[in-house]
Amino acid sequence: MKKFPLINALSIGIVSISMAFADPAAVTQVRENAVQMLNILNKANGKNDAQIRKQAEDYATPYFDFERITAQAMGTAIWHNATPQQKQALINAFKNKIRSQYAGTMMAFKNTKVTVHDKPVVKNANKVDVVTTLVLTNGKKADVTFSTYRHGKMFRVYDIKVERISIVKPFQSQFQKIVSEQGRTPKGIDYKKGIDALIVELNKSGGK
């Protein structure tokens with residue numbers, strides 16, 4: 001859980017570069033995206049950090065599939081029992097949680113050294129895992145895998161793994177606990193009630 005803000009921050013600056021190796025057709029667009037991201041981050045001067053974080057956050061957001069990310073974080077039971085309205089509310093709330101978490105830490109990692117492995121792991125015609133090695137300013141290294149899929153002319157991220165461990169799926173037990181406790185009835189779990197409670201909790205907690 002503690003790694004989540006860090007990796008989301010790092011992913012903003014390198015996801016475009018990572019995806020370049022997944023499909024030659026995306027190289028031109030991805031290179032331009034990477035240049036634009038670096039240009040945004042390099043404008044930070046200590047006085048305008050909040051503004052720069054927001055610009056970088058908004059620029060990177062289209063490269064993440066928040067619906068798929070949210071569905072994974074919720075788990076099968078919650079997602080399948082949620083109404084269409086609840087699903088949209090969960091997506092919006094969880095998206096805000098993610099954005100809020102990395103917004104405050106993103107700038108600290110703009111100088112991180114990134115090595116992108118030349119050979120992505122192709123799962124099928126549309127899904128590609130791209131492996132990167134991050135070298136932090138303290139010299140420590142971490143392998144981060146971006147799970148992506150083709151979406152038109154681009155690839156969108158639906159999961160991120162740190163040393164092969166998903167940073168999205170661990171939320172499942174936390175969210176299921178909230179739904180089970182808040183939706184408990186003598187006859188079992190009232191998922192509608194429990195999911196409504198989870199939405200309130202997510203909106204209340206934001207990025208915390």
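**Exercise 1.** Which residues in α4 meet which residues in α7?

*Solution.* The model is predicted. On the α4 side, the contact residues are Gln-72, Ala-73 and Met-74. On the α7 side, they are Phe-171, Gln-172 and Phe-175. Sorted by type, the residues of this contact comprise 4 nonpolar, 2 polar and no charged.

**Exercise 2.** State how helix α4 and helix α7 are oriented to each other.

*Solution.* Take the helices as residues 66-74 for α4 and residues 171-182 for α7. They pack at an angle of about 65 degrees, and their axes are 7 Å apart. Angles of 65 to 115 degrees count as roughly perpendicular. α4 and α7 are therefore roughly perpendicular to each other.

**Exercise 3.** Describe the salt bridge of Asp-65 and classify its two residues by accessibility.

*Solution.* Asp-65 pairs with Arg-68, and the closest N and O atoms are 3.6 Å apart. The cut-off for a salt bridge is 4 Å. Buried means under 20% relative accessible area, so Asp-65, at 8%, is buried. Arg-68 has 34% relative accessibility and counts as partly exposed.

**Exercise 4.** Locate the salt bridge of Lys-204 and Glu-201, and classify both residues.

*Solution.* Both residues lie in helix α8 (residues 191-205), 3 residues apart, which is about one turn of the helix. The closest N and O atoms of Lys-204 and Glu-201 are 3.6 Å apart. Lys-204 is exposed at 62% relative accessibility, whereas Glu-201 is partly exposed at 32%.

**Exercise 5.** How many salt bridges does the count come to?

*Solution.* The count comes to 5 salt bridges. Among them is Asp-159 with Lys-161, at 3.7 Å from N to O. Asp-159 is buried, with a relative accessible area of 3%.

Definitions and conventions
Residues are numbered from 1 along each chain as its sequence is written. This is a predicted model: local features need pLDDT of at least 70, side-chain atom pairs count only at pLDDT 80 or more; totals for chains, interfaces and linings use all residues. Side-chain values use heavy atoms; hydrogens and water are left out. Axes are lines fitted to C-alpha atoms, for helices over the stretch in contact, and angles run from 0 to 180 degrees between N-to-C directions. Helices (H or I, at least four residues) and strands (E, at least two) are DSSP runs, numbered from the N terminus. Angles under 35 degrees count as roughly parallel, over 145 as roughly antiparallel, 65 to 115 as roughly perpendicular and the rest as oblique. Contact means heavy atoms within 4.5 Å. Ala, Val, Leu, Ile, Met, Phe, Trp, Tyr, Cys and Pro count as nonpolar, Asp, Glu, Lys and Arg as charged, and the others, Gly among them, as polar. A salt bridge is a side-chain nitrogen of Lys or Arg within 4 Å of a carboxyl oxygen of Asp or Glu. Buried means under 20% relative accessible area, exposed over 50%, partly exposed in between (1.4 Å probe, protein chains only).
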